[in-house]
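Subject: Structure handover

Hi,

Here is the structure I promised to pass on.

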Amino acid sequence: MAETGGEGAQGGAYFHKERIKYSPEEEARLERQHFWRIIDAFRFYRVHVQEQVKRAERQFRSLPQHHQNLLPGVLSNLTRISQCADHNQEVLQAIIHNSLDMFENIGYGEREDPRKVRPSTTFDMDKLKSTIKQFVRDWSEVGQAERDSCYQPIIQEIQRLFPSDQYDVSKVSVLIPGAGLGRLAWEIARLGYICQGNEWSLFMLFSSNFVLNRCEKVNALTLYPWIHQFSNNKKSSDQIRPIRFPDVNPQSLPLTSDFSMVAGDFVEVYTDADSWDCVATCFFIDTAHNVIEYVETIWKILKPGGVWINLGPLLYHFENMANELSVELSYEDIRTAMVKFGFHIEVEKESMQTTYTENDRSMLRYVYDCVFFVARKPADVYFDCQEDDQQQSSPSAAKSPRREGTDSLT
Ligand SMILES: C[S@@+](CC[C@H](N)C(=O)[O-])C[C@H]1O[C@@H](n2cnc3c(N)ncnc32)[C@H](O)[C@@H]1O
């Protein structure tokens, strides 16, 4: 499955802080608590993996001796997994080392004893392992094919809609909600567009901050992303194969480029109307409690004439999560709501096959049959779906070319 953010769900209080209004002091306390919970998860990783390795070792040693004798490589492979976990831990330490003061405007205080490792939940460990795999997708050569299938259609569409021979692309603003480790946003900024990634998960934010701001040397760092997968390995060595990152120097953006990452919940952070020329969502819209809230936000923040480009499945993140609102709409229903808002769907492909943090040597591999669309907020009609039922049933009134209304361009 697409491992999405939502790290607050397990902690209960953190996610609900967005819905329930707390006093500023309580907000700050919850924020600090959450911050340290994620730091603790990074620190606990090695212990967690070693526990898994020890369990595997115990199970193996419980086999009859003559069975063990038939399998001479198993214990040495487990030792190697343990060493790979030690190595991953070093990278994770470097990530959190660079995270303690990454938010200029917020102080998180000090831990009483920073060396003390506190146990984390399985939920947080799963998030951390997903984050490690996200390095493959976003910043390794191995992830190139996956990036080609997920990011290239979006990038090509941006270049088609805002070609550099017709637009001053340095004035075209693109927002990427749910930016993960930031590669898509970075690639768009590299082409000269103003690009901002937005991300909510601290696992992702700590890691993107590290790779974007602290890693310069191409392929200088190593991770072992597959050591946590004990099933569906064809060869033992597949489990311990490394990936190198970053495959490009993240610092190599042109000096004139305008690239930023903003932390926070997409619907909370982006409230200014008519602000963006393009919003691009990749494997994002199914992270919503209520996907219509995302549609509404995108409708509002797009400039008249602006476009929403989307690629992804609908693997609703909060489905089956206790005490979490989750409305699992079909694409058909979302599309109907989009049209009622006034979006004009200009491009639509209902079957784009992609993968997500795929282990290409695994005996179990998922393929997502994604929906891809380009939807325009018309340039000359401001359409408010809440105001006029009459208008809702005649969205075609909203059709118009985008160029007229986009005077900040060219
Ligand atoms: C499945 S991942 C996709 C990441 C990236 N777009 C990609 O294609 O690799 C979804 C991302 O959205 C983030 N996310 C979930 N809810 C969010 C919200 N309300 N605001 C901002 N980001 C959010 C998650 O933390 C996660 O990094």
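This is a predicted model: local features need pLDDT of at least 70, side-chain atom pairs count only at pLDDT 80 or more; totals for chains, interfaces and linings use all residues.

**The ligand site**

There are 22 residues around the ligand, and those that come nearest are Gln134, Arg137, Gly178, Glu199 and Asp265. By residue type, the shell splits into nine nonpolar, nine polar and four charged. Two elements that each supply at least two residues of this shell are helix α6 (122–139) and strand β2 (194–199).

Now for the polar atoms. Gly178 has a backbone N or O atom 2.7 Å from a nitrogen atom of the ligand. Cys282 also uses its backbone: an N or O atom there lies 2.9 Å from a nitrogen atom of the ligand. From Tyr151, it is a polar side-chain atom that sits 3.1 Å from a ligand oxygen atom. As for cover, the ligand taken alone exposes 590 Å², and the protein buries 97% of that.

Strand β1 covers residues 173–177, and five of its five residues are buried. In a regular strand, side chains alternate between the two faces of the sheet. Both faces of β1 are covered: Ser173, Leu175 and Pro177 are buried on one side, Val174 and Ile176 on the other.

**Helix α9**

Further along is α9 (residues 183–190), also mostly covered, with seven of its eight residues buried. The buried ones are Arg183, Leu184, Ala185, Trp186, Glu187, Ile188 and Ala189, so charged side chains are on that list too. Just after the helix, Gly192 takes a positive phi of about 105 degrees.

**Glu157**

Is Glu157 buried or exposed? This residue of helix α8 (residues 152–161) has a relative accessible area of 9%, and it counts as buried because that is under the 20% cut-off. Its side chain makes a polar contact of 2.4 Å with the side chain of Arg160. Leaving out residues up to four places away in sequence, Glu157 touches Ile309, Val347, Phe372 and Val374.

Cheers

How values were computed:
Residues are numbered from 1 along each chain as its sequence is written. Side-chain values use heavy atoms; hydrogens and water are left out. A residue is near a molecule or strand if one of its heavy atoms lies within 4 Å of it. A polar contact is a pair of N or O atoms within 3.5 Å; within protein, one must be able to donate a hydrogen and the other to accept it, and residues adjacent in sequence count only if both atoms are side-chain atoms. Accessible areas come from the Shrake-Rupley method with a 1.4 Å probe; for residues, only the protein chains shown count as cover. Helices (H or I, at least four residues) and strands (E, at least two) are DSSP runs, numbered from the N terminus. Buried means under 20% relative accessible area, exposed over 50%, partly exposed in between (1.4 Å probe, protein chains only). Contact means heavy atoms within 4.5 Å.
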